[in-house]
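Here is a short walk through one protein model, written for someone who likes cut-offs stated plainly. Please have a look at the structure first.

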Amino acid sequence: MEPAAPPLLSLAEVEALARRVHSGQTDKAGRPYAEHLAAVAAGVRERGGSEEQIAAAWLHDAVEDGALSREWLAGAALSAPAKAMILALTKRADEPVEEYTARILATPGALLIKESDLAHNADPERLAVLDAPTRQRLTEKYARVRALLGLTGP
């Protein structure tokens with residue numbers, strides 16, 4: 001008989017983990033990176049996301065940013081769908097945006113997280129503190145990703 005699998009991490013444990021592994025990181029505006037993670041997770045919750053989606057939202061940048069490894073994620077006490085969403089949202093080096101967005105669309109649950117991520121990234125208050133060329137570049141980038149994902153409206 002196989003030993004029972006360890007219990008999955010609670011949302012509070014996932015949040016604490018995300019805050020710990022991203023501690024010391026800041027966003028483009030110099031704000032603590034955990035603020036972005038909290039906003040994305042809150043956006044997923046507000047959009048009716050599941051606990052798995054909220055957990056994935058907290059960790060959506062962890063592998064991409066090198067805060068956690070793919071190996072860690074493979075063995076993590078997270079559901080398979082949450083792991084799949086995290087990997088779908090992990091942009092790979094030199095990956096064409098079309099491939100990245102296709103993977104998000106093909107992964108159940110991932111689109112809602114990316115929608116929340118884009119909404120926070122494109123928040124005019126966040127963009128306002130950036131220099132004009134960066135603000136313009138990011139605005140165009142986020143609009144292109146939204147279009148590829150079929151997201152309309154603000």
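## About the model

This is a predicted model, in which local features need pLDDT of at least 70, side-chain atom pairs count only at pLDDT 80 or more, and totals for chains, interfaces and linings use all residues. Residues are numbered from 1 along each chain as its sequence is written, and side-chain values use heavy atoms, with hydrogens and water left out.

## Helix 1 meets helix 3

Let's start with helix 1 (residues 11-21) and helix 3 (residues 51-58), whose axes come within 9 Å and cross at roughly 10 degrees. Helices here are DSSP runs (H or I, at least four residues), numbered from the N terminus. Axes are lines fitted to C-alpha atoms over the stretch in contact, with angles from 0 to 180 degrees between N-to-C directions. The two helices are therefore roughly parallel to each other (angles under 35 degrees).

Helix 1 brings Leu11, Val14, Glu15, Ala18 and Arg19 to the contact, while helix 3 brings Glu51, Ile54, Ala55 and Trp58 (contact means heavy atoms within 4.5 Å). By class, six of these residues are nonpolar, none polar and three charged; Ala, Val, Leu, Ile, Met, Phe, Trp, Tyr, Cys and Pro count as nonpolar, Asp, Glu, Lys and Arg as charged, and the others, Gly among them, as polar.

How many of the eight residues of helix 3 are buried? Six are, leaving the helix mostly covered (buried means under 20% relative accessible area, with a 1.4 Å probe and protein chains only). They are Gln53, Ile54, Ala55, Ala56, Ala57 and Trp58. Their cover includes helix 1, helix 2 (33-46), helix 5 (80-88) and helix 7 (110-121).

The largest nonpolar core has 41 residues, and Trp58, Leu59, Leu78, Ile86 and Ile113 have the most contacts inside it. Such a core is a set of buried Ala, Val, Leu, Ile, Met, Phe, Trp, Tyr and Cys residues joined through side-chain atoms within 4.5 Å. Beyond its neighbours within four places in sequence, Leu78 touches residues including Leu8, Val14, Trp72 and Lys83.

Arg146 sits in helix 9 (residues 132-149) and, at 11% relative accessibility, counts as buried. A polar atom of the Arg146 side chain lies 3.4 Å from the backbone oxygen of Thr152.

Asp94 belongs to the loop between helix 5 and helix 6 (97-106). At 81% relative accessibility, Asp94 counts as exposed (over 50%). Its phi is near 60 degrees, a positive value in a residue other than glycine.

Methods:
Angles under 35 degrees count as roughly parallel, over 145 as roughly antiparallel, 65 to 115 as roughly perpendicular and the rest as oblique. A polar contact is a pair of N or O atoms within 3.5 Å; within protein, one must be able to donate a hydrogen and the other to accept it, and residues adjacent in sequence count only if both atoms are side-chain atoms.
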